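Work through the exercises below with the structure open. Each task is followed by a solution in steps.

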Amino acid sequence: MKTTMKTIASISFTALLVACSDGGTAPAALDDGTLSDAAVESGETTVSMEAGSNGTLNIYSARHYDSDKLMYEAFEDQTGIRVRFREAGANQLLETMRAEGENSPADLIIASDAGALWRFKDAGLTQPLPEGEFEQHIPERLIEPGRQWVGLARRIRGVAYDPERISPDQVDEWQDLADPSLEGEICVRSSTNIYNLSLMAEMIEKWGAEDAQSWADAVVANMARTPQGGDTDQVEAVAAGLCSVAITNHYYWVRMTQSGSDATREAAAATKLAFPSFGEGEGIHVNITGVAMAANAQNNDEAMQFVDYLLSADGQHRLVDETKEIPVIEDVTWPQGLDAIPEFEDSDTPLDTFGERQSQAQRIYDEAGWN
Amino acid sequence: MSKLQPIHARGVTRRYDGRAVVQDASLTLEPGKITALLGQSGAGKSTLLRLFAGLEPLDAGEILHGDVAVSSLSKHVPAEERQIGLIFQDFALFPHLNAIDNVGFGLVRQNKDKRRETARHWLDRLGLSHRAKAYPHELSGGEQQRVSIARALAAQPVAILMDEPFSGLDVTLKSEVRRTALAAVAEAGSPALLVTHDASEAMRAADRIAVMSDGVILQEDTPEKLYLEPVSMAVARALGPLRSVRRNALPEKWQAKVPLAETYCLRPEAVRLDPAGDAMLEVVAAQRTSSLIEIELKLTETETIHALALGPFTPGPGDKLAVSLAPEFVFAAR
Amino acid sequence: MQAIKASSFHLPRLNPVALITLAAASLIGAPVAIAIFTGVIGGGGDAWLHIVSTQLLGYTMTTLAVIGLTAALILLFAVPTAWFVSLNEFPGRGFFEWALILPLAAPGYVLAYAWADAADVAGPIQSALRDVTGLSARDYWFPSVYSIPGLSFVMASALFPYAYLTARAAFSNLSLCTMEAARSLGASPRRLFLNVALPAARPAIFAGLALALMETAADYGAASYLGVQTLSVGIFRAWHSFSEPAVAARLAVLLILIAFGLQFIERMARGRGGIQQTATRWRTPRRQKLGPVAGWGVAIGCTLVLVLSFVIPVSRLIWVSTETGLGQGQIVRPFLNSLTLALAGSAFAFVLALTITIGARQNRFSQFIGRFAAGAGYAAPGIVLALGALFILSWTGFSVAGPAALIFLVWIYASRFTAAGAEPLNAAFSRAPASLGNAARSLGASRFQRLVRVDLPVAMSGASAAAIILFVETLKELPATLMLRPFNWDTLAVQAFAYASDERLAAATLPSLLITAAGLGPVVLLSLQLTRAGQSRAAG
């Protein structure tokens, strides 16, 4: 017993030491390749051993996917640049950067909503990306006009519906969800969620605040239950028969179709995905996962190398294969399961609107009693 | 420091929040003698003990070991340097040490073997050699208190101070533990102080008794003298039961035997059954309490008096008994 | 009373022990103090006014409702089970005696993930209900986990063992004489329980309950997942959505006030009577054998508590995890990270707990300052402490990404949990005779010797319980870890939270189960140790 405890203690202590030296290279370029690298190699990451060291890149990411770690490692393999990352919610990263001020080690910021990227920009935490080749391969709308951020992948907010109770033309446009015929049929998550806020922001932009407000009022009246849980829970509620229309991001539904659980796959199979438009020819609600250069970035070249990598075929695959987002580069093949989504027509709303109108959107939801 | 020096308290006073809990107390603890400090709870006994021990500073007076002052207004030797043995009601054994290590605790200046030997000797002296390895929670109350006494004595203290040491023990254990413990204390020869609220314990165990009340030592003397010649009614009451009687209620012949006073306090022994007695009194009630019989006798319609008897027969109510008075057990109340 | 007064007067004003205690208390209290200070002087402007006028009442009432409901549920779970387990013999008693502590290993947020999934309209429970009854999802009402009662249930499940432990100890220490006296006076078992045992055990039960309720008030993970707008969630929102750390700090003051209120109530309950236990003369009463019907009834009741609070949620997680297969994610490293942080954090917290516990024995100033700082730290949610740490980091110019963050994190753990560790150490002293210190002085031990030869060893008899509780608590900590961990550092708690928030329950199950498993070992150890201690006391 005693020996075991000792062993555990010593292992963990070593881990602590390793971790300390791992994170401890604040002005990274200076002492890199000496002590700190040795510590890292002896510790956990084997990648940088083969790659040697050509610099370091510090990423603040609001994503949390195992595939991202593989993506960082692949990039390290290719370039020899060591990637250090910190994952947390977008708001939390933003507040952390604010608290860090000029000391912030962040070079790149990756966030999963245009509204979130806008908040970084608005807080003065970003700087323009250098001009580059990437601009030619990406739809213009997915690049911030001042290149404060660039889109990496697309995500669509739509609905999953029960085809036995609902006809496709009942969910053709967002306005349809306000129809009294859907009373007690709609399941949706809380309004504080950023996906709902960005959706409402675009509605305000397209329809004006007044119509957006009546839409929110009507949807609240049509809800089958008070908002609770995430998007997946709403789709499952449709499958369970509690409601017949669930507002969801496309990738949650796609992931359900690919799930390892039979019950989850069956639930997805019992529903159909639709992308309601904001009106005839107005397009649908397309959001992005994007990347921005931190205002105090120290490793700008490494950062741009990584942005280029993310927009390469390999980077795009690694970025979206697990998340089931839609690549932004035209000729990249889509991840498995994504072929099941309907065709769509993008909208022309500037993506920054999602951020600019965020607080107005929240007020409208609050007014409607959409908790 | 020779352990055969007396310990003196001279005019010591201790105040809490301006109120004197010990007031101008003087007391000498003689080597080889056990002095009992007797009084009700709140009388200031434990505080006086703590002053002797150096656990508290005093506000007036001084305490001397032999002729060396250890406590005064200008000087305070801390408790840990006084070599005083303390015994507590809750035994205060170190829960993380077994019996022999508890006893050896104060012997840090000795080497390990010597310490062990000394500790074993004192455990043996208190009849506990077979419990040397036991931890406090495995010992009975009596055993715990004997370990704590062994611990105090092993350190060869200049004085032993005991604060209600036996009142935590079961009645059946008490007298046995008390006998063993006090014999060892007396044998050690250090001056000893026994704080107690139990008069019979004080008289049984102590060579001298100091009676304390409201922070003041009322009288200090041998048990015998105190019992028979108390300086005040409070002292008399502290040492045993009393019954007060008006002079007029006493039989006339008895009134002549006692000094003139309005009322008297009588110990039960003052009235004895005596076939040649000079008074006949009627029994109101009688009750055997093991070896003694307590008898309540009628003096007047409203007043009664107590008597003790040894005889084999317990009288019944209404019996008339011949009794006489032993005036040495009658105190004139002032 | 006299003794404390006299010695505090007697000691020089700033002796080394008091200074060390003061230093320890400052370490514990600094993050809270800084966060609050910034909140009070930082103003908050419009956002503060907006929150005061629209949200504050709601946050506060919700928090109070959750605390109240959780308290009721904890008492319901903990007191009857503790009573029967300590004083009656029934089928499975020996098993329940230690097994009822197990839920302590599972963090509240993990139970929240599991129950939210299991009790969802599409989850196994409701599906089975529909299959059996033939009803459709619209035809019946089913309680929602995403609610104040749901959150309360989850928190009570995770935390009732605190009250169970203290209640069990109190019931087993009941005087045989008291119990038999009551019985001889014709008290029925019911009256015995309500009029004799319960009042006697009340201070102990309240102590455990207060600990559990402060944890409840500070919880972020479960409340935010279940969408219940408690003050703790409000603090996160004020900071993260309104970008107003000062407002967050102000809300935190309110939360800390609530926690101090809980402590005050506990003190009141403790102050009014209850048994003063002297170690030597209490004996555990013989357990009364229950009749077959009552015995099996009690066994079923205990099973129900254990199944609802632990077995169902954990089995659901195991089921989901095996059904979908293991992800390709790294799990070894977060596991090691969690263990490392928990070990370092609990070690530091332990040293601080020991310092303030021993300091408290020296004089009243040390006692007050130590308890106050530890109480404030325990009452503050992890996010507030992290906020304080971030302020310090930015003043001192350290990077949050560097090793400094790790040191700060360990510091925050200590600040947050020292109070929980001090409790068992204090209990060790309260079991020891009061006159120990004076006995040691009379035997010539100097202040330093008394510290080393008496106070430390005595406190250490509560050390393993303290160490285990600290380890399990730091292992489960979420919000501060979320904010302060350095680059490339994931812990199990952070992984579980991140996956679950992104609706990947399957991926969240493995880290969730691993936290529970890592905590389970120490909890079983603690449980067996306490159970054995109880038995040896009963036999002695």
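**Exercise 1.** How many bridges join E11(B) to strand E12 of chain B, and do the two run parallel or antiparallel?

Solution. The model is a predicted one. Step one: locate strand E12 at residues 263–266 of chain B. Step two: count the bridges to E11(B), which come to four. Step three: compare the directions; the two strands run antiparallel. One position to look at is B:Arg246, which stands opposite B:Thr263 in E12(B).

**Exercise 2.** Describe the side of chain C that touches chain B.

Solution. Step one: count the residues in contact, 23 from chain C and 25 from chain B. Step two: find the helices of chain C that each supply at least two residues to this side: H1 (2–10), H19 (436–442) and H20 (447–460). Step three: pick out the largest share, the five residues from H19(C). Step four: sort the residues of this side into twelve nonpolar, ten polar and one charged.

**Exercise 3.** Summarise chain A by its secondary structure and burial.

Solution. Step one: list the elements, 17 helices and ten strands. Step two: take the 371 residues of chain A, of which 53% are buried.

Methods. Residues are numbered from 1 along each chain as its sequence is written. Chains are lettered from A and ligands numbered from 1 in the order in which they are written. This is a predicted model: local features need pLDDT of at least 70, side-chain atom pairs count only at pLDDT 80 or more; totals for chains, interfaces and linings use all residues. A residue is buried if 20 or more other C-beta atoms lie within 10 Å of its own, exposed if 12 or fewer, and partly exposed in between; C-beta atoms are placed from the backbone. Two strands pair if DSSP finds at least two bridges between them. Two residues are in contact if their C-beta atoms, placed from the backbone, lie within 7 Å. Ala, Val, Leu, Ile, Met, Phe, Trp, Tyr, Cys and Pro count as nonpolar, Asp, Glu, Lys and Arg as charged, and the others, Gly among them, as polar.
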